[in-house]
Amino acid sequence: MTNYRIFIVEDESEIARLLEIHLKKTGFNPVVFTKSPEAWKAILNASPKTMPDLILLDVMMPEMDGIQFLKAVRANANTQTLPVFFLTACGGEEDRIGGFELGADDYITKPFSPTELVLRIKRFFERREMERRNKREESKEPVVFGCLMLDEARFKTTVDGEEIPISATEMKLLAEMISLKGKALSRRRILELAWGDMPNVTDRTIDTHVKRLRRKLGKAAVYLETVRGRGYRWAESPDDVND
């Protein structure tokens, strides 16, 4: 496992220390911040070498709470694609949905097993590394569908010529749906593509992610159709939808 740099933003020093120990044992490079403003300042001042590869973020932080922190990350052009895992004692479904709606990549409920959390982080990076290897190995021509252009080889997506920021998972979902245009993609298939077999991902979570992708697509969102009782599908032709 590559020596990924992980920011631990957690005001409970015992939890932060426990996470730091387990991450170091696994070969990660953890950096602990007990104050969220200091973590945010470190991110803003980071060079490519010191920028975190992932952030473990406690929601209930003083001064700048986790929700404010995540909003700041997603609003900044230099940080908007940083992976963020929420750590929180709020484990209700509405809380999880809210976290994913804001752009969290995972949602870990306290109390949690440090060993399980480390395994989830390893799994996340393994999937990302595999995606990057596949992109290097494959030389795909850009796909143009109406106002949308999807270029997997260059990891670039545009709508009417304007590039939109999407994650590796969203890129994969778009490519899969466009390749199966006109055919429904079940929620189970979306789950397999995006999260593997994570047990706490529900249909509502998937719907939330699709809703977020639609917002990013803007004008091109009309091509992503809901199939009631089945899942989602990409329009068979740009001419089949109404602007």
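Q: Which residue in strand 12 does Ala-184 stand opposite?
A: In this predicted model, Ala-184 faces Arg-233 of strand 12.

Q: What makes strand 10 and strand 12 a pair?
A: A pair needs at least two bridges between the strands. Strand 10 and strand 12 (residues 231-234) have 3 bridges, in the antiparallel sense, so by the cut-off of at least two they count as paired.

Q: Why are strand 10 and strand 11 called edge strands?
A: The open sheet has 3 strands in the order 10-12-11, with antiparallel pairing. Strand 10 (184-186) and strand 11 (224-227) each pair on one side only. From one strand to the next, the twist averages 35°.

Q: Which helices lie on these strands, and at what angles?
A: Helix 6 (residues 168-179) lies across strand 10, strand 11 and strand 12, and runs at about 70° to strand 12. Helix 8 (residues 203-217) packs on the sheet and touches strand 11 and strand 12. The direction of helix 8 makes about 155° with that of strand 11.

Q: How do you know that the length of helix 6 agrees with its number of residues?
A: The expected span is 1.5 Å times one less than the number of residues. For the 12 residues of helix 6 that gives 16 Å, and the end C-alpha atoms are 16 Å apart, so the two agree.

Q: Which residues of helix 6 are buried?
A: Buried requires under 20% relative accessible area. In helix 6 the buried residues are Glu-170, Met-171, Leu-173, Leu-174, Ala-175, Glu-176, Met-177 and Ile-178.

Q: Is Thr-157 buried or exposed, and what decides it?
A: Thr-157 lies in strand 8 (residues 156-159). Its relative accessibility is 1%, and the cut-off for buried is under 20%, so Thr-157 counts as buried. Leaving aside neighbours within four places in sequence, the contacts of Thr-157 include Met-171 and Leu-174, both among the buried residues of helix 6.

Q: Why is helix 2 called roughly parallel to helix 3?
A: The axes of helix 2 (residues 36-44) and helix 3 (residues 66-75) cross at roughly 10° and come within 11 Å. Angles under 35 degrees count as roughly parallel, so helix 2 is roughly parallel to helix 3. Helix 2 contributes Ser-36, Ala-39, Trp-40 and Ile-43 to the contact, and helix 3 contributes Phe-69, Ala-72 and Val-73.

Q: How many residues of that contact are nonpolar, polar and charged?
A: The contact of helix 2 with helix 3 has 6 nonpolar residues, 1 polar and no charged.

Note on methods
Residues are numbered from 1 along each chain as its sequence is written. This is a predicted model: local features need pLDDT of at least 70, side-chain atom pairs count only at pLDDT 80 or more; totals for chains, interfaces and linings use all residues. Side-chain values use heavy atoms; hydrogens and water are left out. Axes are lines fitted to C-alpha atoms, for helices over the stretch in contact, and angles run from 0 to 180 degrees between N-to-C directions. Helices (H or I, at least four residues) and strands (E, at least two) are DSSP runs, numbered from the N terminus. Angles under 35 degrees count as roughly parallel, over 145 as roughly antiparallel, 65 to 115 as roughly perpendicular and the rest as oblique. Contact means heavy atoms within 4.5 Å. Ala, Val, Leu, Ile, Met, Phe, Trp, Tyr, Cys and Pro count as nonpolar, Asp, Glu, Lys and Arg as charged, and the others, Gly among them, as polar. Buried means under 20% relative accessible area, exposed over 50%, partly exposed in between (1.4 Å probe, protein chains only).
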